Amino acid sequence: MHEKKTGRKIDREFIGFTLISGLISFGYNVVMTVIPLRMSDHGQSYGRIGSAMSAVAIGLMVIKLVIGHLSDILGTKKFILSSLAGLAVVSALLARADELAAFTILMAALGIFRGIFLAVSGSYVMEMADGGGYGKIYGAVQSVSSLLASIGGMISGLLYQFREGEYALYICSFLLMASSVWAAVGLKGSETVSKERLPVWQIFKSINKRILVFCLLVFIQSFVAGPMWSFIIPMYCYNVLLFSPAKVGILMSMDELVSAPTYMLAGRIVDKVNVVRFNVIFLLITAAGGLFLVKAPSPFIFMLVFLICSVSISCTFVGLPKERIGYIRKEQKGLELALLSVCGSLGDSLGSNVLGRVAEKYTIDQCMYILTASYIIMAFLAAAPVLFPSLRAALQKRK
């Protein structure tokens, strides 16, 4: 009886955290859809819109490492609560914003509060999966987040006609505030695993060198996949394949819709197979997909290859985190996961600038060749434990 009761408690916690994570993605997508449109309608130039939107990335990178380290000392629940409450307030304030300064400050705040959640969410998933099944739990969280993010984008588009998305932002604020109440009741308080305040240099010195390789992997993946999927491929479909805006929107929504079940299935698979081989296979599939995107003989084939690439990338988004948890030290997991997340944000920011310039100076095809080369390099880095047995032995020893 005790085991069944514990199981039900874990299930409630898992469902609660998954929905909270999904609603944060929902709200974030609502804001990122509504605010650029609203700023444009208020007469802001593209340069000013870009500056305000970049404040999100600045807020994200500034806060992640700090909160990741503090969560090892203070636990994760209080940071999840503050993130939800902060995002709810920011969403409500954005509904009334109409000047550049207000937009910029609030978008920076959005990045900070989202960064707080991202800095501790990985640690919380690790705590829930302490008894095993990390891939299954992580895949489910990613799946629901992807699905609700897609819904958020569609709802914000539909509701934008009503007072420039004000109602969409209020709905977002209400859901996030309700989530903070649920989190206060439904999430367990996490254990603090690090009582010592060690010097920063000593903490970084103790990090497993393989984690630094994963930092590089995350950086490279975010550098190419982030900008490719957010604006390079939509631009290619619109300007080269001559898709209508509606077709482009449908294609990008299909990306989220195929990713949601992929995360769920991949999460179950990586708990049962050799995760290194799993990652290498799907990294190479993505690399091949980059070439086929360039050589696609028709728009239909392009769309098909694009969705296959979406599936393979989603598999690596589950497989790589599953592999790296074997190297993360439990007593400083918050800091190490935050470090990985910062590398992802940095890669996304730099990739948007670099690939945007490549597409402008040369052609978008060159960006797809960069995608292929990058994923081949990632496959080599991911295969290192197989190529170099000493690394594999080290992993087994740590487990």
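**Before selecting anything**

Residues are numbered from 1 along each chain as its sequence is written, and side-chain values use heavy atoms, with hydrogens and water left out. Because the model is predicted, local features need pLDDT of at least 70 and side-chain atom pairs count only at pLDDT 80 or more, while totals for chains, interfaces and linings use all residues.

**The whole chain**

Show the protein as a cartoon, and you will find 15 helices and 0 strands; helices (H or I, at least four residues) and strands (E, at least two) are DSSP runs, numbered from the N terminus. Of the 399 residues in the protein, 50% are buried, where buried means under 20% relative accessible area, exposed over 50% and partly exposed in between, with a 1.4 Å probe and protein chains only. Among contacts (heavy atoms within 4.5 Å) between residues at least 6 apart in sequence, 86% join residues at least 24 apart.

**Helices α4 and α12**

Select residues 100–128 for helix α4 and residues 333–361 for helix α12, which pack at an angle of about 130 degrees with their axes 8 Å apart. The axes are lines fitted to C-alpha atoms, for helices over the stretch in contact, and angles run from 0 to 180 degrees between N-to-C directions. That angle makes α4 oblique to α12, since angles under 35 degrees count as roughly parallel, over 145 as roughly antiparallel, 65 to 115 as roughly perpendicular and the rest as oblique.

To see the contact itself, show L118, A119, G122, S123, M126 and E127 of α4 together with K333, G334, L337, A338 and S341 of α12. These residues divide into 5 nonpolar, 4 polar and 2 charged, with Ala, Val, Leu, Ile, Met, Phe, Trp, Tyr, Cys and Pro counted as nonpolar, Asp, Glu, Lys and Arg as charged, and the others, Gly among them, as polar.

Not counting residues up to four places away in sequence, R114 touches I24, S25, Y28, L60 and L87.

Follow that list to Y28, which lies in helix α1 (residues 2–41). Leaving aside neighbours within four places in sequence, Y28 is in contact with V56, L110 and R114. A distance drawn from Y28 to L169, C-alpha to C-alpha, spans 10.0 Å, although the two are 141 residues apart in sequence.

Return to helix α4 for S121, a buried residue with a relative accessible area of 13%. S121 and F79 are 42 residues apart in sequence and 9.4 Å apart in space, C-alpha to C-alpha.

**Helix α8**

Next select residues 209–239, helix α8, and pick out S222 within them. At 18% relative accessibility S222 counts as buried, and, not counting residues up to four places away in sequence, S222 touches P227, G344, G347 and D348.

**The cysteines**

Finally, show the cysteine sulfurs: the structure holds 0 disulfides, a disulfide being a pair of cysteine sulfur atoms within 2.5 Å. The sulfur of C215 has its closest cysteine sulfur in C343, 3.9 Å away, which is too far for a bond. C215 counts as buried at 7% relative accessibility, and C367 is buried with a relative accessible area of 0%.
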